[in-house]
Amino acid sequence: MNTLSLHIERLLLSHNCVVVPHFGAFVTLASAATRVEHEELFFPPLRIVRFNPNVVEDDGLLVSDVKRQCRCSEAEAKHTIQAMVLNLRQQLLADGEVDFGSIGRFSQDDDGRVAFAACQAGAVTPCYFGLDAFCMPRLKAGSLRAKNRQAHATASATSGTDNRHITIRVNRRLLRYAVVAAAAILVCFTFNSPLPPHDTPTPQVATITLPSSTLPALSVSVEPTGDAASMDAATVADAVATTDIAEVAAAGADDDMAVEDEPTSHGSYCIVLASAVSQRNGDDYVARLLKRGYTNARVYDNGRIRRVVLDGFATEAEANSANAALHRQGREFASTWVLDMQ
């Protein structure tokens with residue numbers, strides 16, 4: 001095999017055209033998949049190689065590949081290519097044809113004309129490797145319908161002889177009678193309710209009187225009906241008494257809270273020194289203030305929040321003046337403010 005074919009085959013894997021100087025050009029063309037109707041064969045797509053002896057100008061691809069493979073200079077690569085071409089021409093002249101590897105075959109007639117026949121199963125198409133021709137007969141419409149009818153008949157015969165299915169025949173008249181009877185029984189059970197007893201027990205009345213020291217006397221009447229007629233009157237009285245006493249205790253707590261919210265007799269305005277303090281911390285702070293001479297310091301609790309205040313100011317102007325004086329005393333009283341206790 002000519003060594004020149006190895007270089008051409010390698011270059012055609014990634015190029016569509018490779019020129020051999022002073023000989024010709026190898027060009028690849030894409031061929032789509034084809035179908036041979038009379039043989040019922042499908043052929044995969046191919047890259048067909050064509051040889052054009054009229055293109056002899058060097059494009060540099062073959063020279064570069066020979067230079068890289070032989071590790072020689074460009075001049076030596078060109079000389080090597082010329083020797084390969086000369087060897088190919090001598091083989092054609094002597095034998096009349098030359099096998100050009102997996103690319104194809106060269107032949108020469110008596111007049112010296114060179115012809116090239118490409119190999120259809122060549123190795124110049126990597127993306128189509130593994131694809132081969134296959135046979136696929138055309139489906140006929142008549143045969144397809146016959147196969148469908150045969151499959152349907154086979155399925156029907158199989159289902160007809162299947163013993164797993166059991167058929168039960170029921171008389172429609174008997175079924176209708178059974179439905180009517182069931183409906184009548186259901187209506188009877190639905191609307192059949194027991195009559196009330198003739199002797200109705202007399203309602204019992206329980207009267208409960210609480211001591212007058214707690215609240216005015218209350219009278220509660222309990223009229224039980226049905227199964228509740230046997231309720232114990234003492235149990236009802238205990239429940240009512242417990243409820244009323246709880247209400248009285250809640251009312252007393254509200255009255256005590258209202259008394260705490262009332263302003264002191266010393267004045268309606270005060271100066272708030274600290275807010276949201278605990279009882280212990282508030283008492284300690286008041287004790288320190290009393291030692292320092294603030295005799296009007298005390299803990300003020302209105303039921304919602306506990307504060308340490310300086311009270312005893314009759315008017316808001318008096319309280320503001322005292323608050324301004326506190327601000328001038330230092331950073332301890334920088335955040336004090338005036339509160340109206342009414």
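How many bridges join β11 to strand β12? The count is five, and the two strands run antiparallel. This is a predicted model.

## The four-stranded sheet

β11 and β12 belong to an open sheet of four strands. The order is β11-β12-β10-β13, and the pairing is antiparallel. β11 (297–301) and β13 (337–340) stand at the edges. Each has a single partner strand, so one side of each lacks a neighbour in the sheet. From one strand to the next, the twist averages 45°.

Strands of a sheet pair through backbone hydrogen bonds. Look again at β11 and its partner β12, which covers residues 306–313. Here A297 stands opposite L310 in β12.

## Helices on the sheet

Helix α7 spans residues 279–291. It lies across β10 (269–275), β11 and β12. Its direction is at about 155° to β11.

Helix α8 (residues 316–329) also packs on the sheet. Helix α8 touches β10, β12 and β13. Its direction makes about 40° with that of β10.

Most residues other than glycine have a negative phi. Which way does phi point in A276, positive or negative? It is positive, about 55°, although A276 is not a glycine. A276 lies in the loop between β10 and α7. Its relative accessibility is 61%, so A276 counts as exposed.

H22 also has a positive phi, near 65°, and is not a glycine. H22 is found in the loop between β1 (17–20) and β2 (24–31). With a relative accessible area of 59%, H22 is exposed. The cut-off for exposed is over 50%.

Terms used: Residues numbered from 1 in each chain as written. Predicted model: local features only at pLDDT ≥ 70, side-chain atom pairs only at ≥ 80, totals over all residues. Heavy atoms only, no water. Pairing = 2+ DSSP bridges. Axes fitted to C-alpha atoms, helices over the stretch in contact; angles between N-to-C directions. Contact = heavy atoms within 4.5 Å. Buried < 20%, exposed > 50% of the residue type's maximum accessible area, 1.4 Å probe, protein only.
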